[in-house]
Amino acid sequence: MGRKRVGILISGGGSNMHAIVKASRATDFPVEIICVASNKPEAGGLKIAAQEGIVTHVINHRDFPTREAFDAALNAYLQSQRLDLVVCAGFMRIMTPVLIAPWAGRMINIHPSLLPLYKGLHTHERAIAAGDKQHGCTVHYVTAALDDGPIIAQARVPILPGDTPDILAARVLVEEHKLYPAALAKVAKSLS
Ligand code: GRF
């Protein structure tokens, strides 16, 4: 069986994307990264992807009158790349069914919390404010409800005295960079 064709969606720095691209260099990694697409032209991850020799593509959400119109354009691009799987890696958009439905069971996301805890934004700040002892990250399938699809894998970190949201985010990010490539490999292998 050949390696699965994967596209990665980003909006920002792209450190998770980079971790996946680096993992995909291993000959036994079951995935080939075909393209990296961003809704933001200024996303730092675009430069990193280009340096890694990956095709990059920008579809600026500001160029579209509605969420659905943007989602349709992005879906058309992803379809044109004949992808097996779509990986959201810091893709900061609420997606509509126009984009989600065609990729049902074939689109995954990483969220910086131990889902079902702390869906949405500011997860690190909220975990500290709640007095939690642990925090972490979750890779899950994307479904119509935000940060809600079936969980594929999780990693935990401690919350330590004196943690700020930034310190905690950095601790979680180290785990994200290990968890996401591993979870992606598992999903790719599960596809027929
Ligand atoms: C990560 O914390 C990810 O979990 C969240 O957004 C952040 C993206 O970071 N969805 P990066 O762009 O991968 O560096």
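A salt bridge is taken here as a side-chain nitrogen of Lys or Arg lying within 4 Å of a carboxyl oxygen of Asp or Glu. The structure is a predicted model, in which local features require pLDDT of at least 70 and side-chain atom pairs count only at pLDDT 80 or more, whereas totals for chains, interfaces and linings use all residues. Residues are numbered from 1 along each chain as its sequence is written, and side-chain values use heavy atoms, with hydrogens and water left out.

Four salt bridges are present in the structure. One of them joins Glu 52 to Arg 25, with 3.0 Å between the closest N and O atoms. This pair links distant parts of the chain, 27 residues apart, since Glu 52 lies in the loop between helix H2 (44-51) and strand S3 (55-58), and Arg 25 in the loop between helix H1 (15-23) and strand S2 (31-38); helices (H or I, at least four residues) and strands (E, at least two) are DSSP runs numbered from the N terminus. Both partners are partly exposed, Glu 52 with a relative accessible area of 25% and Arg 25 with one of 47%, where buried means under 20% relative accessible area, exposed over 50%, and partly exposed in between (1.4 Å probe, protein chains only).

A further salt bridge connects Asp 163 with Arg 171, the closest N and O atoms being 2.6 Å apart, and Asp 163 is buried, at a relative accessible area of 12%. In the pair formed by Glu 175 and Lys 178, the corresponding separation is 3.3 Å. These two residues are three positions apart in helix H6 (residues 165-190) and are therefore separated by about one helical turn. Glu 175 is partly exposed, with a relative accessible area of 21%, while Lys 178 is exposed, at 51%.
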